[in-house]
Amino acid sequence: MPRIESGVPGFDEVTGGGFLKSGVYILQGSPGAGKTILANQICHAHAAAGGRVVYVTLLAESHARLLQHMQSFSFFAIESLADRVHYISAFDALKTQGLAGVVNLLRGEMRAHNAGILVLDGLVMAAGAASSDEELKLFVSDLQAHSTLTGCTTLLLTSDDADRPVSAEQTMVDGILLLREHAFGPRRERNIEVVKFRGSATLRGNHAFRIGDHGIVVYPRLEAARRLHFDDMVQQDGVSSGIAGLDRMFDIGGYARGSVTAVCGPSGSGKTSLALHFATQASAQEKALFFTFYESPEFLARIARIQGLDVSRVFDTGALEVMWQPFGENLLDALAYDLLRRVAVTGAKRLVIDSVGGFVAAPAFGDRGDPFLAALTNELRRLGVTTLVTVEEPSPGHRLPTDIATMSALADTVINLDCVRVQQVQRNVWIGKSRVSRCDPAMRRITLGDAGLEVRDGIARGGDAA
């Protein structure tokens with residue numbers, strides 16, 4: 001069946017391709033959930049593509065305030081109000097003629113404007129005006145009949161709790177989409193769920209969305225959206241770590257191309273330094289992306305210079321890009337999609353994620369952490385990106401951000417770092433796991449020289465200096 005694209009980023013992926021033409025859909029959620037913004041964004045996107053829209057309200061208030069609020073979004077095109085987007089009030093028709101009067105008004109407006117999309121904002125008012133469930137069902141049935149005859153897709157907005165029991169009108173429509181706000185302590189996230197959608201395979205479960213200057217962006221839940229099967233992209237040739245001594249510990253001369261390497265260690269053990277050495281090996285032919293939650297691009301460049309790395313070569317030529325996501329209230333799926341999109345745009349073949357802790361801090365990670373990380377790393381392998389992920393090991397007695405079994409499954413290689421105090425702080429490195437190549441199992445000492453990090457024979461041994 002033909003589809004009507006929503007024009008809302010991520011929305012059509014969740015619904016399996018957009019609304020079905022002539023379908024009738026309910027958008028349901030409590031006040032403030034985002035229904036009106038979503039409906040207006042869909043309407044103006046349809047108008048921008050050459051279609052015509054009728055937006056009908058059942059509320060007593062004028063449209064002036066609604067339009068005033070919508071003008072703050074970039075999708076709102078005031079020039080469309082002349083002949084493509086028509087805002088109409090059906091309050092008087094409902095008050096004087098009941099639901100039959102509303103149906104007659106809607107039917108006339110659909111035909112008069114040759115509408116491709118009709119929005120009825122205020123279904124809860126229609127339900128309140130119905131004398132029985134049967135009358136409300138008949139009202140929806142009439143809307144379906146006129147939608148089919150005119151080829152118009154109809155959206156019914158209702159300000160009801162998304163989790164209220166099933167009502168009469170819900171049994172009649174082609175689809176139901178629930179908009180919610182979910183609390184995580186003091187933080188809140190909006191999400192959308194498709195609970196009914198005839199004729200389409202949808203992504204089940206909740207999917208986060210954000211309201212910004214451009215309107216709504218939906219982020220399909222990563223582990224639901226990225227479940228494609230693909231051939232193993234991990235190759236048996238080495239990608240230099242940027243540290244000659246570490247490369248020699250692998251028989252292929254570095255990290256396996258297209259693999260995921262986890263660098264684990266406590267704070268101050270050298271994880272970011274190891275990551276910078278890897279990233280600054282970038283070139284015009286093999287670009288690198290440094291995805292960080294903690295250090296700004298300027299601060300990272302300063303750290304790299306202190307370590308003797310050739311920063312200007314990679315920063316000035318654009319071979320290395322730093323993508324800084326300041327630590328704070330981030331959406332889990334937004335982080336993943338922004339990262340994957342940037343990898344695709346830049347064509348990066350080297351990727352650093354510093355660190356897993358930035359994802360852990362996102363509110364939804366507690367419920368989805370391990371499946372989310374599995375989906376993300378599998379997608380990076382599919383893209384053929386050689387990835388280095390830093391993992392902060394907490395103080396004794398505290399749990400790792402993700403458990404050992406999961407990390408073992410996610411990472412193809414695990415490099416461990418630790419700090420030992422012997423007169424001064426000294427650091428050790430060893431390869432804890434390598435399932436893509438043979439490696440040197442020895443623990444070695446790692447030092448910072450004029451030319452950056454060096455891996456040496458021997459290890460620093462414990463025992464605090466007196």
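What follows is a set of questions and answers about this predicted model.

Colleague: How many helices and strands does the protein chain have?

Modeller: The C-alpha trace of this predicted chain spans about 90 × 45 × 40 Å along its principal axes. Of its 466 residues, 54% count as buried. Among contacts between residues at least 6 apart in sequence, 70% join residues at least 24 apart. The chain has 15 helices and 22 strands.

Colleague: How many of the residues of helix H2 are buried?

Modeller: Helix H2 covers residues 35-48 and reaches 20 Å from its first C-alpha to its last, close to the 20 Å expected at 1.5 Å a residue. Glycine 50, with a positive phi near 105 degrees, follows H2. Among the buried residues of H2 are Lys35, Asn40, Gln41, His44 and His46. H2 is mostly covered, and the number of its 14 residues that are buried is eleven.

Colleague: Which residue follows H12, and what is its phi?

Modeller: Leu332 and Thr346 are both among the buried residues of H12. Following H12 is a residue with a positive phi, namely glycine 347, near 70 degrees.

Colleague: Which residues lie nearest the centre of the second largest pocket?

Modeller: The second largest pocket has a volume of about 290 Å³. Strands S8, S9 and S10, with helices H12 and H14, are the elements that give two or more residues to its lining. By class, that lining has five nonpolar, four polar and seven charged residues. Of the 16 lining residues, those nearest the centre are Phe184, Asn191, Asn206, Ala364 and Arg368.

Colleague: Which element gives the largest share of the lining of the largest cavity?

Modeller: The count comes to one cavity of 30 Å³ or more, and about 110 Å³ of space lies in the largest cavity. Of the 14 residues that line the largest cavity, Val356, Leu373, Thr377, Val389 and Leu410 are the closest to its centre. Strand S14, helix H13, H14, strand S18 and helix H15 each give two or more residues to this lining. The largest share, four residues, comes from H14.

Colleague: How many nonpolar residues does the lining of the largest cavity have?

Modeller: Rolling a probe the size of a water molecule over the atoms shows where empty space is left. The lining of the largest cavity has no charged residues and one polar residue, while its nonpolar residues number 13.

Colleague: Is threonine 261 buried or exposed?

Modeller: Threonine 261 sits in strand S14. Beyond residues up to four places away in sequence, threonine 261 touches Tyr255, Thr387, Leu388, Val389, Thr413 and Ile415. Its relative accessible area is 0%, so threonine 261 is buried.

Colleague: Which backbone oxygen does the side chain of serine 434 reach?

Modeller: Serine 434 lies in strand S20, residues 424-434. Leaving out residues up to four places away in sequence, serine 434 touches Phe250, Asp412, Thr413 and Cys439. At 2.9 Å, its side chain reaches the backbone oxygen of serine 437.

Colleague: How far apart in space are histidine 113 and valine 54?

Modeller: Histidine 113 is in helix H4, residues 91-113. Its contacts, apart from neighbours within four places in sequence, are Arg52, Val54, His86 and Ile88. Histidine 113 and valine 54 are 59 residues apart in sequence, but C-alpha to C-alpha the distance in space is 7.5 Å.

Colleague: Is asparagine 114 buried or exposed?

Modeller: Asparagine 114 is in the loop between H4 and strand S6. Its phi is positive, near 50 degrees, in a residue other than glycine. The relative accessibility is 57%, so asparagine 114 counts as exposed.

Definitions and conventions:
Residues numbered from 1 in each chain as written. Predicted model: local features only at pLDDT ≥ 70, side-chain atom pairs only at ≥ 80, totals over all residues. Heavy atoms only, no water. Buried < 20%, exposed > 50% of the residue type's maximum accessible area, 1.4 Å probe, protein only. 1 Å grid on protein atoms, 1.4 Å probe; cavity = no way out; pocket = protein on both sides within 12 Å on 5 of 7 lines; lining within 4 Å. Points joined across faces, edges and corners; volume = space filled by probe spheres on them. Nonpolar A, V, L, I, M, F, W, Y, C, P; charged D, E, K, R; others polar. Polar contact = N/O pair within 3.5 Å; in protein donor to acceptor, adjacent residues only side chain to side chain. Contact = heavy atoms within 4.5 Å. Expected span 1.5 Å × (residues − 1).
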